[in-house]
Amino acid sequence: MRKSALMLSLWLAAAAGAPLRAQAPLAPEPAHNPLIYADVPDMSMIRVGNTYYMSSTTMHMSPGVPIMKSTDLVNWQLVSYAYQTLGSPDAMTLTNGKSTYGRGSWASSLRLHNGTYYVSTFAQTTGKTYIYSTKDIEKGPWKEVSFAPSYHDHSLFFDDDGRVYMVYGTGKLRLVELTADAAGIKPGTTEQVLIENASAPAGPDINLQAEGSQLFKIKGKYYLFNIVWPKNGMRTVVVHRADKLTGPYEGRLALQDKGVAQGGLIDTPDGRWFAYLFRDNGSVGRIPYLVPVTWADGWPVLGDPAGKVPETLALPPNKRLIPGIVASDEFARRKGEAALPLVWQWNHNPANSLWSVQERKGFLRLKTGRVDTTFLLARNTLTQRTIGPVCAGSTSLDVSHLKDGDFAGLALLQKRYGQVGVENRNGVKSIVMISAESEKPVEMARIPLTQNTVYFKATCDFIDRQDRAMFFYSLDGKFWKPIGGPLKMAYTLPHFIGYRFGLFNYATKTPGGYADFDYFHIADTIVGGK
């Protein structure tokens, strides 16, 4: 019986004059899927004693390759990033009209070998494969090596004999050997085909060929996980196994339910097994799931007894995603604290001279350093994930130092973005709501503003993939008024990432102005217009 039902029964008993009997303590609810209702795709996971670590994809965001930690496999918190910036070509710095939306660094591979943690990734933006290593996964520092080519969706693998490999590719999967220190391709090595057609277990008609390789060695056998998408079907897990790394491999269809796919295996200290996977879930992004695994005849069997993705799991209950994955920020910093908590990422590489949490204590200051013509190409938009099933983000900002042509405020960032903010046009400040639902910015509302402090809020409803956002403004931080109408959010492949809350300020005429943000608050509820 849930707590609400218990309280109702007690109330009804009291109202009827019945004596109240002591109730046994309520057992905690089990964990449930989705594991994390937020954009955390392409997970790679390891267990170190009683602690789990996970890496994920954030593509064009900076810093990149987030590292998360859990002690129960259910509740996660950000602890590190593998890199601060992925190089600085024009596409990464939003310079000369270039961007790297939907690219940047993709699916990573996390491993622990001989006391050193390795996380590898690859980038279409630079055409390189990257390997980051550290002795301390939570505090760093991380050492970087990179080399060409960019090995697509690779799995970094340390075999028992000390040799190091990568499995990579799409459909036709290949194997390449690295140097013993995983610093590059082993001289004289020859790439070889590992599996000619890894999609075959899912049938002959394939929409998306097998990719997302993750390789494991368990009790002397090699297991290779991939995602594949049959035509007129759903995203599917296929597994291959072999007695030798080089094969031959035999494959099976391992899971086909709800489109939950791509990931690998993890075990618990008490000997249970799970598959960590993710699901495309509309505009909130690609969200993680856990699926129980049993073993039969040397094969991992994914799902509940019916072969389906369960709603609940025999694991500790899910806690809130706040503050482990997202968090509110008052922008007040004590001595020794990081300038920005790990929940924040910049849209592309930041211009570090143009932001500060020190110039005005308790405020984030975003300064303009150049002229931009569009929000998507403006630098220094500071972002956090949105979370489901619903969420709200709000901020207060001082716009007294905006220059003519400046626009500052709160956004929901994706290709079909929405913005609410203050624009200074010819010396007149106005509250403006912009919708790019059509993939072109359209001004939906403009309200004259006669004060320098203003409050903005955006809400997101992801229930049943409604993907509906609303924007609000307030003149006193208490009473909110909707502005501009709803935004129909959509997950677009050009950006390939879930919607993000974004704090922005950019110039369209003259650089040198700035906006001061007093706070950013995030909630996992949607409150009405007041």
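**Exercise 1.** Decide whether Asp 159 is buried or exposed, then describe its salt bridge and what the pair ties together.

*Solution.* Step 1: the relative accessible area of Asp 159 is 8%. Buried means under 20%, so Asp 159 is buried. The model is a predicted one, and this holds for every exercise here.

Step 1: Asp 159 forms a salt bridge with Lys 217, and the closest N and O atoms are 3.1 Å apart.

Step 2: Lys 217 belongs to strand E15, while Asp 159 sits in the loop between strand E11 (155-158) and strand E12 (164-170). The pair therefore ties together parts that are 58 residues apart in sequence.

Step 3: Lys 217 has a relative accessible area of 30%, so Lys 217 is partly exposed.

**Exercise 2.** Give the strand order of the open sheet that contains E15, and name its edge strands.

*Solution.* Step 1: the sheet has 4 strands in the order E15-E16-E17-E18, with antiparallel pairing.

Step 1: an edge strand pairs on one side only; here these are strand E15 (206-218) and strand E18 (250-255).

Step 2: on average, neighbouring strands of this sheet are turned by 25° against each other, direction ignored.

**Exercise 3.** Locate Ala 332 and list its contacts beyond four places in sequence.

*Solution.* Step 1: Ala 332 lies in the loop between strand E23 (312-313) and strand E24 (345-347).

Step 1: its relative accessible area is 48%, so Ala 332 is partly exposed.

Step 2: with neighbours within four places in sequence set aside, Ala 332 is in contact with Glu 337 and Gly 362.

Step 3: Ala 332 and Lys 361 are 29 residues apart along the chain, and their C-alpha atoms are separated by 6.5 Å.

**Exercise 4.** State how many salt bridges the structure holds, and name the residues linked in a network.

*Solution.* Step 1: the structure holds 27 salt bridges.

Step 1: Asp 329 forms a salt bridge with Arg 333, the closest N and O atoms being 2.8 Å apart. Asp 329 is buried, at 5% relative accessibility.

Step 2: a network of salt bridges links Glu 359, Arg 360, Arg 365, Lys 367, Asp 398 and Asp 516.

Notes: Residues are numbered from 1 along each chain as its sequence is written. This is a predicted model: local features need pLDDT of at least 70, side-chain atom pairs count only at pLDDT 80 or more; totals for chains, interfaces and linings use all residues. Side-chain values use heavy atoms; hydrogens and water are left out. Two strands pair if DSSP finds at least two bridges between them. Helices (H or I, at least four residues) and strands (E, at least two) are DSSP runs, numbered from the N terminus. Axes are lines fitted to C-alpha atoms, for helices over the stretch in contact, and angles run from 0 to 180 degrees between N-to-C directions. Buried means under 20% relative accessible area, exposed over 50%, partly exposed in between (1.4 Å probe, protein chains only). Contact means heavy atoms within 4.5 Å. A salt bridge is a side-chain nitrogen of Lys or Arg within 4 Å of a carboxyl oxygen of Asp or Glu.
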